[in-house]
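Please consult the sequence and the structure while reading.

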Amino acid sequence: MAKPESFLVSCDIGSSKICVLIGEQNAHGALDVIGKGASPNRGTRKGNIINVDATIDAIKRAAEEAEIMAGVQIARAWVGISGSNVRSFNSRGVVAVAGKDREISRDDVTRVIDAARGVQIPQDHEVVHVVPREFAVDGQDGVGDPTGMVGARLEADVHVVTAPVAVTQNIVTCMNRAGIEVVELVLEQFAAAEAVLTEDEKELGIVLIDIGGGTTEVAVYQRGSIAHTAVIPVGGDHFTNDLAVVLRAPIGDAERIKKKFGSALRSAVEDDEMVEVAMVGGREPKLCPRSTLADILQPRAEELLALIHEDLQRLGVDKEMRSGIVLTGGGSELEGLVEIAEGIFEGPVRRGVPAGVGGLVDVVSRPEWATATGLLLYGHRHKTPRRRSRGITRAATSVSRFFRELF
Ligand SMILES: Nc1ncnc2c1ncn2[C@@H]1O[C@H](COP(=O)(O)OP(=O)(O)OP(=O)(O)O)[C@@H](O)[C@H]1O
Ligand SMILES: [Mg+2]
């Protein structure tokens with residue numbers, strides 16, 4: 001058996017910044033973070049790469065910083081994929097059990113997963129993930145692993161994630177031109193979930209909301225598996241833009257003001273608290289009540305969270321989230337957001353800070369590092385990487401990986 005690599009590298013190509021982490025497997029088999037690099041990224045919009053050269057530069061800078069910190073050279077990495085063009089849906093497949101005595105074999109399970117993923121996907125898309133959710137044997141639902149059971153009819157529910165080939169190719173091209181091979185592309189929600197959710201929470205039902213710069217990514221877990229994923233083209237940068245427009249302040253200043261004084265909860269801000277706001281065109285800074293900032297930020301926060309809530313209501317899962325909601329990503333750091341979310345979702349809400357790694361824990365224990373940390377954990381869990389290939393082969397390897405996890 002091939003010896004598992006002891007170093008793992010992750011790369012989160014975010015719209016605000018590119019994060020690179022280097023992890024090392026310790027003597028106990030767990031993962032220690034030994035290197036971290038971050039670089040502002042102007043090359044993506046709404047999660048999609050729009051400027052290849054700018055993205056390559058940012059990847060190189062982040063990778064170099066992490067390499068210097070860890071004292072190792074990066075060759076390949078687990079890379080996140082998301083963006084407004086990624087599509088996901090649930091699908092069901094049915095097969096007749098083939099073997100004698102009608103005992104379900106691994107072969108039957110592979111066939112039923114293939115049948116479930118054999119749905120029409122948009123022509124210019126490729127399959128990124130096929131995640132088995134649960135099986136049914138002769139109509140009996142809720143089977144985790146049907147192998148060895150006896151039955152005539154085997155059904156599988158799977159969650160399929162697809163992305164335009166152009167989007168995946170752009171990511172691979174940028175990584176390769178930065179000198180790094182892509183081990184595997186992983187949906188960013190799946191990665192963030194690895195870092196901030198517990199298995200118990202996924203079992204009971206939970207919604208993960210990752211508020212990034214340009215997009216907000218949602219993942220719903222029920223009965224231990226993924227039930228729904230979505231991307232909303234609104235993120236923390238829209239909050240900053242709102243402030244910049246109303247205050248007539250430069251974007252950079254609006255961003256600083258948001259982080260330092262911003263609140264999404266108007267009722268928690270004193271009426272007479274004043275903050276200094278820089279003005280565009282180098283004019284004299286002016287004093288502005290902090291409540292004005294909350295008046296701008298609260299409606300934006302409510303709008304974003306209400307959109308997600310409506311989506312969950314439409315799917316009929318809003319009442320089944322017994323573990324509540326977890327907010328993560330840099331945008332979740334906005335003061336008052338947890339309270340606003342509690343009001344909208346009428347359930348428990350917490351901020352998700354990455355956990356499950358050792359080493360330089362303090363450098364990654366912020367919500368904005370959830371995806372990069374989760375990519376490391378994902379890579380660690382799926383140690384034997386599959387090589388990047390396209391379409392059916394990728395899905396097939398995904399199924400074989402499912403077996404590795406299962407058995
Ligand atoms: N303390 C803070 N308060 C409010 N907002 C914050 C804070 N820190 C970071 N943010 C916001 O978080 C956003 C960036 O988050 P993050 O780093 O998770 O995004 P990203 O992963 O680069 O983007 P995306 O996921 O959309 O591709 C920015 O809009 C930034 O303004
Ligand atoms: Mg992100």
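In which loop is the place of Arg248? This is a predicted model, and in it Arg248 belongs to the loop between α6 and α7. The phi angle of Arg248 is near 55°, which is a positive value in a residue other than glycine. Because its relative accessibility is 57%, and over 50% is the cut-off for exposed, Arg248 counts as exposed.

Arg223 also has a positive phi, about 45°, although it is not a glycine. This residue is found in the loop between β13 (216-222) and β14 (225-232). With 52% relative accessibility, Arg223 is therefore classed as exposed.

The greatest contribution comes from α7, with 3 residues. Among the 20 residues around ligand 1, those that come nearest are Ser15, Ser16, Asp237, Glu255 and Lys258.

| Residue (polar backbone atom) | Distance to an oxygen atom of ligand 1 |
|---|---|
| Ser15 | 2.7 Å |
| Ser16 | 2.8 Å |
| Gly330 | 2.8 Å |

Taken alone, ligand 1 exposes 660 Å², and the protein buries 94% of that area. Ligand 1 is located in the largest pocket.

Definitions and conventions:
Residues are numbered from 1 along each chain as its sequence is written. Chains are lettered from A and ligands numbered from 1 in the order in which they are written. This is a predicted model: local features need pLDDT of at least 70, side-chain atom pairs count only at pLDDT 80 or more; totals for chains, interfaces and linings use all residues. Side-chain values use heavy atoms; hydrogens and water are left out. A residue is near a molecule or strand if one of its heavy atoms lies within 4 Å of it. A polar contact is a pair of N or O atoms within 3.5 Å; within protein, one must be able to donate a hydrogen and the other to accept it, and residues adjacent in sequence count only if both atoms are side-chain atoms. Accessible areas come from the Shrake-Rupley method with a 1.4 Å probe; for residues, only the protein chains shown count as cover. On a 1 Å grid over the protein atoms alone, a cavity is a set of points where a 1.4 Å probe fits but cannot get out, and a pocket is an open set with protein on both sides within 12 Å along at least five of seven lines; lining residues have an atom within 4 Å of a point. A molecule sits in a cavity or pocket if more than half of its atoms lie within 2 Å of its grid points. Helices (H or I, at least four residues) and strands (E, at least two) are DSSP runs, numbered from the N terminus. Buried means under 20% relative accessible area, exposed over 50%, partly exposed in between (1.4 Å probe, protein chains only).
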